[in-house]
Amino acid sequence: MSSNKVLIVDDEENILISLSSILEDEGYSVKTCPDAESALKTLEKEEFDVAFIDIWLPKMDGLKLFEIMKEQKREEEVIFISGHGTIEQAVRATKIGAFDFLEKPLSLERVVVAAKNASKKKELLEKEKFFKSELKSDVEIVGESPAMLQLKEQINLVAPSDGRVLIYGENGTGKELVARSIHQLSPRASEPFIEVNCAAIPNELIESELFGHRKGSFTGAIENKKGKFLLANKGTLFLDEVGDMSLMTQAKVLRALEEQKIEPVGASESIKVDVRVIAATNKDLEKEIAEGRFREDLYYRLNVVFIKLPPLRERNSDIPLLFNYYLDYYSKKYKKEKKKLSSSAVKALYECPWNGNVRELKNLAERVIIMHRGEEILEEDLFLKPSSLQRSSDKMYSGSLKEAREAFERDYILKVINDNGGNLAKSAEILGIERRHLYRKLSALKIR
Ligand SMILES: Nc1ncnc2c1ncn2[C@@H]1O[C@H](COP(=O)(O)OP(=O)(O)OP(=O)(O)O)[C@@H](O)[C@H]1O
Ligand SMILES: [Mg+2]
């Protein structure tokens, strides 16, 4: 952690000297100013954690300086230093937001305690602010391309209604983010948002997952269990990867939507539920219907409002915006300094295909913040070149054909997974194999 920064504003030189030496001994990094005017100049360039300000200063006094700092929404914690005759003003200042005041002659011990307490408060406030912004950014949709502006408008229109929404988009385009922000902007916002990933749940369990079950209704059902529909009661149910549901489950979901009732596995009566359903898929459901894998009637039930999320490569202008947004986000999260993109880096970002869309970009920004030193990010710092593949073709494979083939498979699979930001579904698609097959390969090739 960087050391806390303190500003001292006082016209008495011996006070500046004694305060700064004691605070520096305590590990603070200290700047001093002899008057309010120079303090304002310094504050334009730098932020501090704590400011000690003398009330009586030659031209502009300390209280006026404090007023200006408040107008500028400065975040320094202010401790006033007051001589006799200014105590009353100092007390008043603490009532309008100053952290504390100290009386002259100064007790150095009290100075240290006050600095410690003030910087602690500052730290807590910052932490709280970060967590708040992190919560908020949970549903913050970044983007100013025409497609994104249209999307935000669509979300604002659909959110207040109870209308079902079907979100379509490639992996990592923000389907879940959009679903959450619809919920957040809806009258159901204070009720639960419950997510079900239909692709991740084995077929034989999905019914109990969605509708719940009664104790003893099948082996393993040792207790009553509430299903996701019931958990989402009065709120929103997000059916993710809805295109991966089996036909049998589709029939049951359809019935639940039609009747607004669910029947837990093993129960004899049904339960009324009030749930808004938002579904998402990266599959072309019309094609799935044509090929008999998705029920047309369910499709029309889910698809009252259709939202299509464009892949990142079709809204290039959002790329630097998003990247900078996440550089900022992760530099705060990891307490690293802010970083700037060089123009060559911006160009490289534009040229990247972004098969893993925003998720891939977000991961890259995180990696850059963790790995990169210095302020400016150059093209080569982004590691965008698929160097792993280039290297693997130069690589001298050796051993039997089987060994060489495995080595190549391993390199290639790793490259595809990397290029897709770790998204296995998308990687399997590009590799032209089933996701399950990819899982098997990963374990056979001992890729973790
Ligand atoms: N417009 C955006 N602004 C800011 N962050 C975004 C945006 N779109 C996506 N993200 C972020 O990218 C990541 C991936 O988004 P999300 O999980 O919503 O995508 P998805 O379409 O559901 O992906 P998948 O199909 O792989 O499940 C998330 O961390 C999300 O916060
Ligand atoms: Mg998702």
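Trainee: Which domains does the protein chain have?
Mentor: The assignment gives domain 1 (5–136), domain 2 (146–310), domain 3 (315–382) and domain 4 (387–444). Such bounds come from an automatic or database domain assignment. This is a predicted model, where local features need pLDDT of at least 70, side-chain atom pairs count only at pLDDT 80 or more, and totals for chains, interfaces and linings use all residues. Residues are numbered from 1 along each chain as its sequence is written, chains are lettered from A and ligands numbered from 1 in the order in which they are written, and side-chain values use heavy atoms, with hydrogens and water left out.

Trainee: How far apart are domain 1 and domain 4?
Mentor: Their C-alpha centres lie 58 Å apart.

Trainee: Now ligand 1. Which residues come nearest?
Mentor: Gly-172, Lys-175, Tyr-326, Arg-359 and Lys-362, out of 17 residues around ligand 1. A residue is near if one of its heavy atoms lies within 4 Å of the molecule.

Trainee: Which polar contacts does ligand 1 have?
Mentor: Here are some. A polar backbone atom of Gly-172 is 2.9 Å from a ligand oxygen. For Leu-177, a backbone N or O atom lies 3.0 Å from an oxygen of ligand 1. Asn-423 uses a polar side-chain atom, 3.2 Å from a ligand oxygen. A polar contact is a pair of N or O atoms within 3.5 Å; within protein, one must be able to donate a hydrogen and the other to accept it, and residues adjacent in sequence count only if both atoms are side-chain atoms.

Trainee: And how much of its accessible area does the protein cover?
Mentor: 89% of the 620 Å² that ligand 1 has on its own. Areas come from the Shrake-Rupley method with a 1.4 Å probe; for residues, only the protein chains shown count as cover.

Trainee: Which elements give two or more residues to that shell?
Mentor: H7, helix H13 (318–333) and helix H15 (357–371). Helices (H or I, at least four residues) and strands (E, at least two) are DSSP runs, numbered from the N terminus. Domain 2 and domain 3 each give the shell at least three residues.

Trainee: What is buried in H7?
Mentor: In this helix, residues 175–184, the buried ones are Lys-175, Val-178, Ala-179, Ser-181, Ile-182 and His-183. Buried means under 20% relative accessible area, exposed over 50%, partly exposed in between (1.4 Å probe, protein chains only).

Trainee: What covers them?
Mentor: The cover includes helix H6 (146–158) and strands E6 (165–169), E7 (193–197), E10 (236–240), E13 (276–281) and E14 (305–309).

Trainee: Where is Thr-281, and is it buried or exposed?
Mentor: Thr-281 is in strand E13. It counts as buried because its relative accessibility is 2%.

Trainee: New topic. Which peptide bond is cis?
Mentor: The one from Lys-104 to Pro-105, with omega near -5°. Pro-105 is in the loop between strand E5 (100–103) and helix H5 (108–137).

Trainee: What about phi at Lys-73 and Glu-241?
Mentor: Lys-73 has a positive phi of about 55°, and Glu-241 one of about 50°. Neither is a glycine. Most residues other than glycine have a negative phi.

Trainee: Buried or exposed?
Mentor: Lys-73 counts as exposed, because its relative accessibility is 68%. Glu-241 counts as buried, at 14%. Lys-73 is in the loop between helix H3 (62–71) and strand E4 (77–82), Glu-241 in the loop between E10 and helix H10 (247–259).

Note on methods: Contact means heavy atoms within 4.5 Å.
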